Amino acid sequence: MKKLSHYDPAGSPRMVDVSAKAETRRTARAHAFVKIAPAVLKKLPANPKGNPLEIARIAGICAAKRTFELIPLCHPLMLSHADVEVTLEARGVRIIASAATTAQTGVEMEALTAAAVAALTVYDMTKALDKSIEIQDLYLLEKTGGKSGDFRRGDLGRVDLGRGDPPVRRSRVGRPRVRRSRVQP
């Protein structure tokens, strides 16, 4: 097992010194799912605060750019790309966030922060309708670049939505599409 780099030899937390590392292109994608009751989903277009999905998308992009202000030992990064895809599905809202940079450290935290804040924004925009909305499945899908190399989460072709939701297949461009099963559980 690798040693954690955010600690000095005495065990005190520290910001990692990346000055000796070469700048390389780095990318990351993260996922979150907001489980929402169908009755609440039907009311999304009439939300008096505005379009929750578009507001969540913008909030996620803004959060990616400010990750270093939220996570104490993250490096401030000049992002060359940040985006959030928000997709309305039968049982909620699926969020895929992406970030990219050419730097000495990766953008996994930026992608994860974007997904998390987008999910929190969906909750904030819909909480008046239902307090039992759940934010689920926040995780890194993939990352590229850097000394540790590329990472790709298990089977990206199928994301388990849990609790009887239909499996989702990723198209070649990374957009989710729902695959309906013939037999419902």
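Predicted model: local features only at pLDDT ≥ 70, side-chain atom pairs only at ≥ 80, totals over all residues.
Local features need pLDDT of at least 70 and side-chain atom pairs 80 or more, while totals for chains, interfaces and linings use all residues. Residues are numbered from 1 along each chain as its sequence is written, and side-chain values use heavy atoms, without hydrogens or water.

Trainee: What pattern does the chain follow along the sequence?
Mentor: Helices (H or I, at least four residues) and strands (E, at least two) are DSSP runs, numbered from the N terminus. The chain has 4 helices and 7 strands. Read in order, the pattern is β-α-α-α-β-β-α-β-β-β-β.

Trainee: Which residue in β3 stands opposite Val84?
Mentor: Strands pair if DSSP finds at least two bridges between them. β2 (residues 81-89) and β3 (residues 92-103) are antiparallel over 9 bridges. A hairpin of 2 residues joins β2 to β3. Opposite Val84 stands Ala97.

Trainee: Is Thr121 buried or exposed?
Mentor: Thr121 is found in helix α4 (residues 108-126). Buried means under 20% relative accessible area, exposed over 50%, partly exposed in between (1.4 Å probe, protein chains only). Because its relative accessible area is 12%, Thr121 is buried.

Trainee: Which residues is Thr121 in contact with, leaving aside neighbours within four places in sequence?
Mentor: Contact means heavy atoms within 4.5 Å. With those neighbours left aside, the partners are Ile55, Ala56 and Ala59.

Trainee: Which residue lies over the face of Tyr139?
Mentor: A charge sits over a ring if NZ of Lys or CZ of Arg is within 6 Å of the ring centre and within 35 degrees of the ring normal. Here the distance from the ring centre is 4.0 Å. The residue is Arg153.
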